[in-house]
Amino acid sequence: MSELHEHALEVDGLKVRFHTDDGVVEAVRGVSYTLARGETLAVVGESGSGKSVLHMAMMDLLPPSAEVRARGLRIAGRNVLGMSGEDRRRLRGKEIAMIFQDPMTSLNPFTTLGTQIAEMLRLHRGLRGRRLREAVVGALDEVQIPNAAYRVEQYPHEFSGGMRQRAMIAMMLAGQPEVLVADEPTTALDVTVQAWIMELLASLQQQRGMSIVLITHDLGLVAGSAHRVAVMYAGRIVEEATTDALFADPRHPYTRGLLASVPRLDHDGGELYQIPGRPPDLGNLDRGCPFRPRCPYAVDRCAAEDPDLTERAAGHRAACWVELEPWKPTAAGAAR
Amino acid sequence: MGWITSSWAFLVWTWEMGILQPIGVFLAIMAGLWASGRWSPWGSMRFLCRRLEWMALTLLIVFSISFFLMRSIPGGPFDRDKNIDPAIKARIEAKYGLDRPIGEQYLRSLADTLRGDLGPSYKNRDYDVVDIIAEGFPKSASLGVVALIFALTLGITAGMVSAVRRGGWLDTTLMVFATIGIALPNFVIASILILFLVILVPMFPAATWGDFRHLILPAFCLGAPFAAYVARLTRTGMLDVLTQDYIRTARAKGVGELRVLTAHALKGGLLPVVSFLGPAIAGILTGSLVVEKIFQIPGLGTHFVQAAINRDYTLSMGCVLLYTTLVYLMNLLVDVGYTVLDPRVELD
Amino acid sequence: MAETRQRSQAELEELLEEARKLRGNSLWSDAMRRFRRNRVAFASFWFLVLLSVVSFLAPLLPLASPHQPHLDRNYAPPGFSTEEPWSEDQYVGLDDMNAVTRWMIHARASIFGDFQLGPWMGRDASGRCLMSRIVWGGRMSLLVGLAATLVSLLIGVSYGALSGYLGGRADNLMMRIVDMLYAIPFIFVVIFLITVIRERKDVLDAYGLDRVTAFFIVIGAIYWLTMARVVRGQVLSVKHREFVEAAQAQGASTFRILRHHIVPNVFSVVLVYLTLTIPRVMLFEAFLSFLGLGVEPPDVSWGMLAADGMGAINGLEVYWWFVLFPGLALGLTLLALNFLGDGLRDALDPRLAQISGKAPVAGAGGIIEETS
């Protein structure tokens, strides 16, 4: 791997549109970010905010009805724009890999886990025969699945949920990718298992020096594991900062709403805040800020123009016309 | 010692009838699966026993209904020989036990059938039913096997192409053909093919039984409707599987399109086809009645239809019992095959 | 159920209103709109309507008698010449026909006199007009198809609905029986049965049945299994929907629930399955008649005509019309019925249509580059 590039991932102005029977849906409306090598970026948002679609578009996993546009996209230093489908396929698994939310449906139920991992090793590392078999067992060992030599012969349905997600991680890391996109990796799992999986990802990251994009709607998960956070709403990033800065002083009303709706141990009593209203219909957005109808701070300008990301502090960007007062993290304070 | 001779006779009978051969193939496949560790006989023993019990019960019911229906017809089976001496007639009836009470006749007949003796054909008293069946069955079986292989290869290929090219003109064309194949009876297909390929452009030999070339046209006509069904099932099965999460996973791994289809999607996409195999085999057995008649193949189907038209009750009962057994065994094989293909399903 | 009882009256009213809407006009007008957009299915529908009218009115149309032989003109190719004028006594078994048919033949005599349309489709082995035989054959084939399907509908729907509605042990047992019947290769048993029935005319007479009636009762009696399963599945799924539970909680009687809530919801599925059963039954009738085990002369059916055509194929002379026209009539009708069934299914159950139309995930390839 050449060391010429410093960013594992660079996206510039990526847009995704779906052409459906009911018209055009703009799922991603221009997203730009960079991910440094060895860094973990959390992408946070409600379902439908475009966070999964964005990353599937980068990996060329969307159906043909999707139209993807971008000013720039570099994965592991390689310019993806203008690449053929076949070249992009070679990047998948080798430079950028993805693990999915539901390990039950995301693993092939008809073949053994060993076979599924071996496919990856054959494809991206050219292993064959005895070395292949050893590497498969090694891969399961690495994600701390006990009795690995025996379990490679088993089918996905013979594993528990947490074990399945471990096996998925083992499979996706078998190609030694530079970037791992983890799409809600713990949502379908028990709370105790969640921590376990996150620990595993962190330790694997340390060993290998890879970068992780953690797609989630769970801010609790973000606090413990990400270096930086990007908050997405209606197909755009509305706020981006280091994890500490974001939790200490969120600058976008939506982020404040999200933080206020997280149950906290240090503030008992009082009702949990809930952001009013529903996410907008991406099929017909008007000109203004899409968060405006739900926003307690909205001003006249919000209806006329959609704000771009602007620098609020060093490395802290937010897309809002209003300069918010410093944040007082109480349930009541969020509303006003 | 009597039971040894009768069991031996039963074995010989099942072999000659061609029942033992499929059972042999079945056992061989099972043994292979057991040896490779993909299936254990102990786990499914209960299942096998229960299915065989059901089969025995079904056969008993079919036998009983057939027997009493046969006997309910006014007059004996030999009444139609008009100018027969009453004394001779009485002797013949005595010989076949027709002068005994009906209950005794039923039990005797049942015992005979269990021993594998279906008695002489009512129509051609010189021939035993077992011999007629043993003579005709291999022909029908080879016709059926060729038709099934043809239906599966053509149907699966067409279905996969259609699924991959969904919405395109190739998909539309193939599916229109599939609908036509399902709608048209095989005798209509057969008559049109004979008109063109045998008479107008003599590419194929005319009817009757001979070498493999004689099999092609009948097997095509017999298999065509099933090829059409298989194509449809494969298409919907593949389209369904291609929307599954694990296909997205395979693509995320960087697996090529062709391998995604063959190594990841095919197995799941073919499950509906596998569950259709049971009805398909039964349907091919049925269809062979017509196809054998059209192409004048002296197989079991021809014998059965002739027996039905000639009111040759012993022969048609023998055929019905054989067909029932075959369909049951094939369904059993398909069910076991399904569990081998889909590791999540357990036999029950 | 405990929850349901706690619901307020207003909520129950709301649910019942929803139920009414569900089976109400919107569902049907939506389905009609979707169905009309499917041109093939729509055309098939009108083709079948036309075919049914022509078949029903066959005795009234100026056709030759389907029974009148012209031995000097056997295997005559399609043409126009009709030398022997039509007359009423050219029909075989006129006295055995039902009153409506006989009345139509009389009416034909007074409308058209002895005029008849020529043998546009040629003549058969005994010189009978093939066109007339095909129209009369369609009458029989459609009749058997409809009647046998109705028999299967009657048995299947009552069995399936009962099984699904009773639930529990009874349901289990009833479905076990269906499973067992499924495993029997019925066609062989039916052929056996039919040979016996044909022998026992005395028994049939005792029940006031003619052979054709017995014939479609037997066919219908073997095609009810899938219908029973489909209906049971629907009943089970509807039974546990909220509006039915709400109606139960309000104290509606079993019969009322069945009539007002379950039957309308099951109806669309039954309709779809019905249109798909008719071609199967017709195919089976053709199959039996082809083998010489079905409809018997003087009645005519398409399967019988196809068998006649098949029998006339030999290396010496090609009577193509004799093979082609019966096959075409049967083929087109079955095709139309299949298209109609598929179209109805797609219209009434858009979920199914969506599944097959949904584009699977695929690497689309390029990203469109944007500058600025």
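Among contacts in chain C between residues at least 6 apart in sequence, what percentage join residues at least 24 apart? The share is 78%. Contact here means C-beta atoms, placed from the backbone, within 7 Å.

This is a predicted model: local features need pLDDT of at least 70, side-chain atom pairs count only at pLDDT 80 or more, and totals for chains, interfaces and linings use all residues. Residues are numbered from 1 along each chain as its sequence is written, with chains lettered from A and ligands numbered from 1 in the order in which they are written.

Chain C has 16 helices and one strand. These are DSSP runs, numbered from the N terminus: helices are H or I with at least four residues, strands E with at least two. Of the 372 residues in chain C, 40% are buried (20 or more other C-beta atoms within 10 Å of a residue's own, C-beta atoms being placed from the backbone).

Now take one helix pair. α4 (39-56) and α6 (130-166) of chain C pack at about 110 degrees, with axes 8 Å apart. Axes are lines fitted to C-alpha atoms over the stretch in contact, and angles run from 0 to 180 degrees between N-to-C directions. Therefore α4(C) is roughly perpendicular to α6(C), a label that covers 65 to 115 degrees. From α4(C), L51(C), S52(C), V54(C) and S55(C) meet V135(C), G138(C), R139(C) and L142(C) of α6(C).

Next comes the interface. Here 42 residues of chain C contact 47 residues of chain B. α15(C) gives the most to the chain C side, with nine residues.

Definitions and conventions. Contact = placed C-beta atoms within 7 Å. Parallel < 35°, antiparallel > 145°, perpendicular 65-115°, else oblique. Buried ≥ 20, exposed ≤ 12 C-beta atoms within 10 Å, placed from the backbone.
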